[in-house]
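The following paragraphs lead the reader through one chain of a structure and its contacts with the neighbouring chains. Please consult the sequence and the structure together.

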Amino acid sequence: MLLITCPHCGERNESEFIHGGPARMRRPQDPSALSDEAWVDYLTVPSNPLGAVDEKWWHARGCGAWTVLRRDTMTHQFLPRSDDGR
Amino acid sequence: MAAESMRLDQGGRIDRARTIAFTFNGRNYTGCAGDTLASALLAHGERLTARSFKYHRPRGITGAGQEEPSSFVELLGDHQSGSQPITTVQLRDGLQARSVNCWPSARFDLLALNQLFARMLPAAFYYKTFMWPNWQVYEPHIRRAAGLSFAPDADRVVGTYETRHWHCDVLVVGAGPAGLMAALSAARTGARVLLADDGTEPGGSLLGRKEQIDGRAAIEWVNAAVAELDAMANVTRLSQACAWAYREANLVVVTERAPSTPGIFQRSWRVRALQVVIATGALERPLVFHDNDRPGVMLASAVQTYIHRYAVRPGRRAVLFTNNSSAYEVAADMRSVGIEVAAIVDARAAIPADAAALVPGVEILAAHVVAATDGRRSLTGVHVRARVDGALRRIRCDLLALSGGWNPVVHLFSQSRGTLRFDAGLSAFVADHAQQPCECAGAADGRLDLPACLADGAEKGLDAARRARFTGTAAAAPSASAGPAHGTLALWHVEPAGASDKAFVDLQHDVTVADIHLSLREGYGAVEHVKRYTTAGMGIDQGKTGNINVVGTIAMAQGLPPEGVGTTTFRSPYAPVDFGAMAGARGGPVLLPYRHTPITAWNIAHGAVMVEAGARWRRPGYYPRPGEPLQDAVNRECSAVRENLAVYDGSPLGKFEIRGPDAARLLDLLYTNLFSNLEAGMGRYGIMLSDDGLILDDGVSFKLGVGHYLVSTSTGNAEEVYRHMEHLLQIERPEWKVRITPVTAAWANATVCGPQARAFMATLGTDIDLSNAAFPFMGLRHGQVAGLPARVARVSFTGELSFEINVRARDAIALWERVMAAGAPLGMTPVGSEASHVLRVEKGFLSLGHEVDGTVDPIDLGLGWIVSKQKPDYLGKRALEIRRSSAKPRRELVGLLMEDPARLVIEGAPLTPNGARQASEGFVSASVWSVANRRAVALGLLTNGRRRIGETVYVRMKDEVVRASVTAPCFYDPKGEKLRS
Amino acid sequence: MERYSLWSLARNALTHHQNWQRAWRSPPLKAEYDVIIIGAGGHGLATAHYLARNHGITNVAVLERGWLGGGNIARNTVTIRSNYLRDESIPFYVKSVSLFDDLTRELNFNLMYSKRSMIDIVQTSPKMRDLRRRMLNMHNHGSTYESLSVEEVRQRIPSLTGGGPDSRLPILGGMLHPDAATCRHDAVAWGFARSADDQGVEMHQNTAVTALLRGPDGRISGVETNRGTVRAAKVAVVVSGHTTTITETIGLRLPIKTINLTAFVSEPVKPLIDVIVNCPDIGVYIIQSDRGELIIGGANDLGLSFRRDIKQSVFEDAVVAMLELFPAFKRLKLMRQWGGTLDIAHDASPIVSRTPIGGLYVSAGWWGGFKAVPAGGYTLAHLIAKDEPHPLIEPFSLERFRHLDFVLESGTTTAR
């Protein structure tokens with residue numbers, strides 16, 4: 001059971017969260033501009049690294065905020081995100 | 001009853017005044033309070049306490065604690081349990097224990113016949129035989145012979161299992177010298193400390209030795225330390241508590257086997273600690289040589305523990321076999337209680353002077369090994385020789401104490417993913433780099449002498465407290481003497497005399513050095529291969545004393561250093577734990593909470609048959625009159641809806657209020673159809689897709705006002721849709737100004753339906769204009785109904801004129817009772833989910849669990865109008881297009897009328913071309929008896945179904961084929977005149 | 001290959017077992033092969049065996065970064081069955097079960113194959129409906145499912161004392177799948193390895209592939225390993241869990257993610273459960289091994305993971321679910337627990353396929369892959385040998401994602 005840091009609530013037990021999968025590129029404003037192949041890729045191909053992955057967590061049994069956090073898929077440790085934003 | 005011939009008159013941590021009667025293998029004995037089953041039997045001179053797993057060789061007691069690899073018992077009667085080491089059973093009044101794996105008794109075991117076939121039964125023999133005619137001919141016999149004990153009867157458990165969460169700054173595992181010092185150091189800084197010790201009393205290794213601390217008996221120091229800790233408010237101390245798992249993020253699981261709280265049988269703690277100090281000590285390992293498994297062969301440290309802790313003499317004339325100096329203290333202790341020490345066989349060529357000085361007058365055979373033993377049911381002598389060849393010499397003895405070196409107990413450290421390294425001086429694996437905030441201390445960190453343990457514990461405890469941001473100084477280590485210096489000579493096994501030598505490396509599973517060599521010879525060379533091939537280390541003791549010798553044996557055979565071989569993975573639990581201890585009170589409705597509406601009690605009181613619906617809602621299936629069968633009740637309820645007046649509780653439908661300037665944009669993105677052009681006070685049926693084009697949900701959503709909507713979802717998917725919406729807003733469109741409030745439980749409803757519904761609403765009393773002009777189908781109006789504030793919606797899931805009366809949840813019962821009272825003279829009928837299913841099938845309305853099976857999109861379902869062509873984008877739009885751009889034929893929603901009008905078919909039954917036994921071209925999604933049509937009707941999905949209306953298709957069941965004709969998927973009021981009336 | 005039999009066991013006993021042949025050799029690694037199989041797991045070893053046996057292709061190297069058979073084949077819960085939902089899936093698993101039925105004889109290695117039957121304990125109506133739909137579809141493909149009443153379920157599983165009419169989720173009935181079986185998982189790996197080796201295939205342990213290599217024509221040309229470059233015109237990635245780690249070295253991204261699945265065993269007890277027990281409504285399944293241990297599994301962890309560790313909450317959920325139906329097991333003890341990495345495709349169905357890179361094949365997305373080992377190897381061998389999919393795996397091609405033609409076995413939504 002991970003200890004997840006919600007930006008509003010601080011460190012909380014994993015049981016308060018619902019996992020939202022790896023983060024992916026922002027959904028394009030105009031999907032029709034992408035080729036079919038690119039859209040299929042966007043829908044079905046996730047990040048799957050052995051190492052650091054950005055993933056989404058929903059503090060469903062807490063404040064209700066969605067957060068993107070960086071976690072190592074081998075050690076399960078949370079890592080700082082160097083870039084700003086999502 | 002036999003006398004306690006081997007009990008010492010004085011000493012030990014037992015209470016001679018309190019005798020305890022027990023039975024073992026059917027015979028009666030007595031012991032003292034404080035004894036284990038092992039110590040009590042040894043006190044009686046009982047040695048043959050078990051039979052080995054495969055060969056059924058006579059076995060005795062090897063160790064004194066959890067590490068015991070030889071003797072396992074099951075407890076009968078009130079204290080029933082599955083197999084456990086004989087050394088961990090605390091003596092209690094009325095205890096009945098029995099050796100496992102032997103029949104009729106350990107003394108006389110018929111299966112000892114296996115020994116005659118021993119040569120045919122090397123490791124992994126079963127992979128090479130038992131193939132003809134097939135394994136299942138042999139399997140029942142193998143299964144009966146395997147399995148150590150019978151499963152214990154859980155009804156005998158007195159008290160409950162409890163679980164709790166715990167947070168602390170420093171968790172100290174082990175209350176031996178290092179653990180106590182660590183706890184003192186940390187606690188004195190003010191840090192919150194949890195000290196968990198596996199023993200029945202604190203002290204660890206000090207309980208089994210004659211040590212002095214600060215000039216007094218060590219136990220006095222232990223008592224003082226414990227008294228200080230118990231007096232501190234920031235310390236929690238647990239006894240008989242095993243820390244058996246180290247998970248991610250410093251979560252450690254500890255289970256108390258005998259908490260002092262009355263009524264609690266066992267208590268598990270899920271401990272989240274900032275820092276962990278692992279002071280779990282070290283375990284002695286045995287030496288490996290031919291016939292090293294006879295009763296009377298014991299670990300030297302166990303002999304010491306029986307002498308000092310249990311006041312038992314495990315033998316009368318002893319030989320010690322060692323490769324390090326700790327055995328010399330044991331020899332001295334033996335002499336002090338009258339055990340004759342015939343010889344010390346030391347594999348080392350040079351014996352340190354400080355060790356030899358402990359045993360003046362004892363014959364020390366340097367550079368010698370024990371090569372074999374004698375004695376069928378009990379040791380009678382050993383054969384020793386010089387290490388490098390030499391003639392065998394027999395020494396008479398009834399006790400052989402083995403000291404093969406010490407293994408720091410790094411199990412928890414390894415579970416935490418800390419890495420290990422091989423320490424040549426100790427000839428053991430020790431902790432190297434931690435991966436989580438923890439540290440090993442004392443003997444667990446490879447410090448084998450007492451002063452070093454005390455100092456190390458003090459320092460590590462303070463370090464832990466400091467890392468948890470507390471300040472202070474380390475507890476001052478008391479003085480103690482070091483004992484002889486430890487110098488261990490690696491001796492993984494004595495060189496065998498011949499290929500038939502039985503030198504046991506894993507006593508529990510009867511794995512010998514020859515088995516390991518066989519495994520390597522056959523190419524199973526990785527340490528994990530050897531383990532799986534031989535099953536070494538896979539027993540209840542999980543190889544605590546044997547695994548290192550397995551590694552060493554492989555290393556010797558392959559010419560590698562032990563670190564080149566590596567260890568097998570350390571897996572939780574450290575020691576076996578009851579399943580009940582992990583579950584605690586979770587179960588039944590605690591595990592799966594029911595969801596009720598306020599009407600549930602009324603439903604049950606009125607005879608409703610309640611069913612488990614989606615998302616754990618408890619809903620009425622039907623309301624049978626006394627003696628009324630299911631189908632009759634459903635028919636009656638359906639008739640009431642179609643012909644007269646009925647009511648159902650639609651409260652579980654998901655409901656969300658959406659507010660904000662971007663609310664309309666949100667709905668337009670979520671649904672396939674346009675919502676932003678909805679008028680206030682009106683609703684619209686919509687379908688939501690996931691972005692990869694699968695149908696996520698359907699429901700009717702309303703516009704309440706400017707930037708204010710009420711979204712309703714199916715019962716089962718409410719949580720999933722909520723997640724979907726919040727994800728969309730917070731992750732994809734954080735710049736949008738919209739807020740979502742779940743109101744599923746805030747509003748309850750009673751939905752009144754049927755041709756008399758409008759008239760009934762007037763009877764019930766409302767200030768809402770109910771005329772069709774003022775309140776059209778899909779409208780939503782506010783007002784008073786039956787004297788209660790309400791939102792009324794004209795939505796229909798049954799196809800009849802309906803008024804969904806939504807009130808605050810606290811008014812639900814009042815509303816329902818008023819509806820039933822006003823409706824009684826009119827024949828108002830409550831209706832359950834079974835009837836709802838029939839009614840919606842008649843109308844061809846979708847059900848997510850039936851027609852929507854992941855292969856169809858809204859167009860396939862005949863809802864092409866719902867897929868907006870105007871909107872440039874909505875979730876799933878592109879996926880829909882991409883999917884339809886393939887040439888694959890699509891399955892479409894159709895109606896099915898069976899050739900036999902009374903025939904119902906299993907929902908899910910496939911439709912196959914010509915009814916042949918082959919891949920399907922569709923399936924029956926729903927099949928019901930329709931009162932309105934006076935025949936059975938069905939819905940299904942069928943390849944190119946809409947082009948095949950009028951065709952005959954075939955429902956293929958196991959042994960029959962049912963013909964049906966394809967129709968449009970609606971069997972009642974296809975123009976929807978009733979619901980629009 | 002020396003034959004294993006009672007006779008050979010007896011004969012070798014006379015010489016104290018000094019003369020058994022190695023089950024597989026450790027030959028030197030050559031610079032080139034016709035086929036490289038990455039991963040000596042169940043599927044990889046089966047593929048090697050069938051490449052040789054069915055297609056006469058023996059100049060094959062199986063490269064394994066750790067010890068042979070050390071991946072999921074070493075740590076799964078041995079449930080062999082074919083009770084799937086979709087027409088696309090059922091025939092594949094029926095084939096796999098039939099290959100398993102004869103595998104001990106074919107490999108001359110006792111897999112301890114026990115045709116036990118499986119019983120699904122049904123506690124909700126939607127699940128009953130789902131299983132009945134499976135039953136009728138399965139029947140059309142030669143697999144059997146039969147309804148059982150509550151009484152019949154309890155008769156076959158006497159230790160099932162929970163789920164009574166007053167419990168939280170009363171048992172509604174059951175489904176019997178007589179085709180189901182268990183066996184010893186390590187034996188499957190060792191049996192295939194020994195047979196493949198005997199036919200000339202080389203197994204190379206401690207040989208980690210660090211990158212895939214392409215030639216100037218864009219086709220696969222071999223692999224880079226910790227022991228040097230090895231060339232081959234055909235390379236198959238059969239590694240589970242680490243599939244994308246390997247394919248991304250060549251820029252090939254796949255619609256799969258890696259997750260953790262755990263299981264645990266109890267102390268060994270006398271025979272208690274004779275069938276495979278599955279409880280789909282509360283999420284737990286139980287088998288008793290021939291050693292007497294109960295092998296128990298539950299749901300997978302959520303979130304990407306390569307850690308092969310236990311998540312306490314998931315573990316407790318499985319225990320609680322088990323005790324809900326088997327309250328008598330409260331006092332039984334946990335003896336060992338472990339985790340494994342598997343990959344799961346976007347639609348949670350397997351991928352056995354060519355890739356856009358000529359000569360590169362992938363077999364991945366096996367969520368419940370032990371039962372598929374023989375058919376997975378059989379069909380992958382065909383695919384490699386002929387560069388054309390065997391009919392049984394046509395639905396499992398990567399191509400299906402091009403038009404989002406998901407094969408949805410588990411539920412109606414994609415795996416998240």
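In this predicted model, chain A contains an open sheet of four strands, arranged in the order E3-E4-E5-E6 with antiparallel pairing. The edges are formed by E3 and by strand E6 (78-79) of chain A, each of which pairs on one side only. Strands of a sheet pair through backbone hydrogen bonds, in either a parallel or an antiparallel manner. Within this sheet, E4(A) and strand E5 (residues 66-72) of chain A run antiparallel and are joined by seven bridges; Glu55(A), for instance, has Leu69(A) in E5(A) as its bridge partner.

The sheet also meets chain B. Helix H19 (residues 718-732) of chain B lies across E3, E4 and E5 of chain A, and runs at about 85° to E5(A).

Chain A has a further interface, with chain C. Here 21 residues of chain A are in contact with 24 residues of chain C. The area buried between the two chains is about 1,900 Å², and carbon and sulfur atoms give 59% of it. Of the area that chain A buries against chain C, Met1(A), Thr44(A) and Asn48(A) supply 31%, more than any other three residues.

One salt bridge is found across the interface: the side chains of Glu14(A) and Lys311(C) meet at 2.8 Å, N to O. Strand E3 (18-22), helix H1 (36-44) and strand E4 (52-58) of chain A each supply at least two residues of the side that touches chain C, and H1(A) gives the most, with three residues. This side of chain A comprises eleven nonpolar, seven polar and three charged residues.

Key
Residues are numbered from 1 along each chain as its sequence is written. Chains are lettered from A and ligands numbered from 1 in the order in which they are written. This is a predicted model: local features need pLDDT of at least 70, side-chain atom pairs count only at pLDDT 80 or more; totals for chains, interfaces and linings use all residues. Side-chain values use heavy atoms; hydrogens and water are left out. Contact means heavy atoms within 4.5 Å. Buried area is the accessible area (1.4 Å probe) that two parts lose on being put together, summed over both. A salt bridge is a side-chain nitrogen of Lys or Arg within 4 Å of a carboxyl oxygen of Asp or Glu. Ala, Val, Leu, Ile, Met, Phe, Trp, Tyr, Cys and Pro count as nonpolar, Asp, Glu, Lys and Arg as charged, and the others, Gly among them, as polar. Two strands pair if DSSP finds at least two bridges between them. Axes are lines fitted to C-alpha atoms, for helices over the stretch in contact, and angles run from 0 to 180 degrees between N-to-C directions.
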